[in-house]
Amino acid sequence: LSALGDVLHCLPALSALRALFPDARIDWVAESLGAALIEGHPDLDRVIRLPRKEIARDLWRPGVGVTAIERGSEFLTTLREREYDLLLELQGNLRSGLVARAAHARFRIGHHGSETKEHRWLLRGSRPDQPAGRVHRVEKNLHVVRALGFTGPSPTGRLPEFTEEVEHFRPALASLGIAPTILHPFVSAFGRFKEWPEERFAALARALRARGHRVWLTAAPEDDARRDRILAASDGDAEPAPPTRSARELAALIRLSRGVIAADTGPLHLAAFAGVPVVGLFGPKDPQIYGPWSDRAAVRRGDVPCSPCTLRRCDHAICMQSIGVEAVLSAVTEVFPPSESALPTRRE
């Protein structure tokens with residue numbers, strides 16, 4: 001329902017579900033950010049938007065409490081207008097459990113009880129006989145579909161083509177001659193201690209430019225000031241990427257890039273599923289569980305005794321500070337195409 005990376009890690013499960021039930025109607029409930037990304041997916045019949053953030057915003061704005069109630073009522077009406085034969089609950093927390101209980105479904109299945117985060121009593125239904133174990137989040141979601149009978153190899157998962165958005169950015173990139181390398185230095189405010197230091201990104205941009213890369217920085221609007229600090233410290237060797245207005249536009253921009261370098265954040269996983277090379281920088285999280293789901297990925301992680309950890313915040317984040325620029329450059333050499341690579345051609 002929520003974080004972009006979590007939504008993306010469900011895509012292989014969707015492919016497996018479609019392979020298992022090729023004639024089924026499949027709907028997906030997602031919050032607005034993730035919903036925008038998966039709308040138009042060839043394996044989906046409908047995306048139902050849960051406007052949680054919009055409802056929360058309206059509740060605290062004078063005079064628009066009624067709007068929040070209307071949004072919630074409209075969502076519930078849409079959710080409950082069909083009775084489903086099967087509901088898969090892949091998030092395993094209070095919010096997803098409440099949505100699952102609100103839907104009309106004859107049969108429900110979720111993660112093994114030992115692997116749900118909270119309030120597992122909310123999901124009345126079946127679970128796999130055994131827990132998935134310490135596996136990648138993609139495999140954990142696939143474990144639920146395998147309990148339904150899927151026996152094939154793990155799918156790679158796929159995104160919609162975003163044809164309109166790709167063509168929107170193509171003219172802006174045509175004059176570059178080579179595809180840009182994208183650096184995304186930021187993560188959500190909730191996980192700031194997963195960020196690599198700004199000065200390292202500036203040094204990386206200078207080193208990449210010296211190696212023939214055209215370096216672009218992407219950032220959410222709330223990170224523009226920090227992005228500008230990195231741009232200034234890069235001595236002009238990095239440039240701001242064209243602004244993107246949605247997750248779909250960001251996906252299109254990434255699809256046209258040479259590759260993406262980022263910490264454990266949504267754009268890193270978006271790049272992995274978009275099929276471009278990625279370098280992931282990991283400290284607090286275990287890349288074996290949360291790393292990019294791609295055979296065109298390299299990971300550099302902090303080599304300290306306390307990493308990985310389960311902390312939600314950290315005062316020093318020494319794990320991220322222990323990743324050096326040279327280590328990241330070696331990862332770029334491993335997975336990025338040669339510097340003379342041109343922009344990706346138009347997909348037929």
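Predicted model: local features only at pLDDT ≥ 70, side-chain atom pairs only at ≥ 80, totals over all residues.
Residues are numbered from 1 along each chain as its sequence is written, and side-chain values use heavy atoms, with hydrogens and water left out.

Student: Is Phe336 buried or exposed?
Tutor: Phe336 lies in the segment after helix H15 (325–335); helices (H or I, at least four residues) and strands (E, at least two) are DSSP runs, numbered from the N terminus. Buried means under 20% relative accessible area, exposed over 50%, and partly exposed in between, with a 1.4 Å probe and protein chains only. Because its relative accessible area is 9%, Phe336 is buried.

Student: Which residues is Phe336 in contact with, leaving aside its neighbours within four places in sequence?
Tutor: Contact means heavy atoms within 4.5 Å. With those neighbours set aside, the partners of Phe336 are Thr181, His213, Arg258, Gly259, Val260, Ile261, Pro277 and Val279.

Student: Which side chain is joined to that of Ser96 by a polar contact?
Tutor: Ser96 is in helix H6 and, at 4% relative accessibility, counts as buried. Beyond four places in sequence, Ser96 is in contact with Leu1, Glu89 and Gln91. A polar contact is a pair of N or O atoms within 3.5 Å; within protein, one must be able to donate a hydrogen and the other to accept it, and residues adjacent in sequence count only if both atoms are side-chain atoms. At 2.8 Å, the side chain joined to that of Ser96 is Glu89.

Student: Why is helix H12 described as largely enclosed by the rest of the structure?
Tutor: Helix H12 covers residues 266–274, and the buried residues there include Leu268, His269 and Phe273. Just after H12, Gly275 takes a positive phi of about 90°. The helix is largely enclosed because the number of its residues that are buried is 9 of the 9.

Student: How many nonpolar residues are in the lining of the second largest pocket?
Tutor: The lining comprises 35 residues, of which Asp27, Trp28, Val29, Leu87 and Leu88 lie nearest the pocket's centre. Among the elements that give two or more residues to this lining are strand E1 (27–31), strand E4 (87–89) and helix H6 (94–102). Ala, Val, Leu, Ile, Met, Phe, Trp, Tyr, Cys and Pro count as nonpolar, Asp, Glu, Lys and Arg as charged, and the others, Gly among them, as polar. Alongside 4 polar and 9 charged residues, the nonpolar count is 22.

Terms used
1 Å grid on protein atoms, 1.4 Å probe; cavity = no way out; pocket = protein on both sides within 12 Å on 5 of 7 lines; lining within 4 Å.
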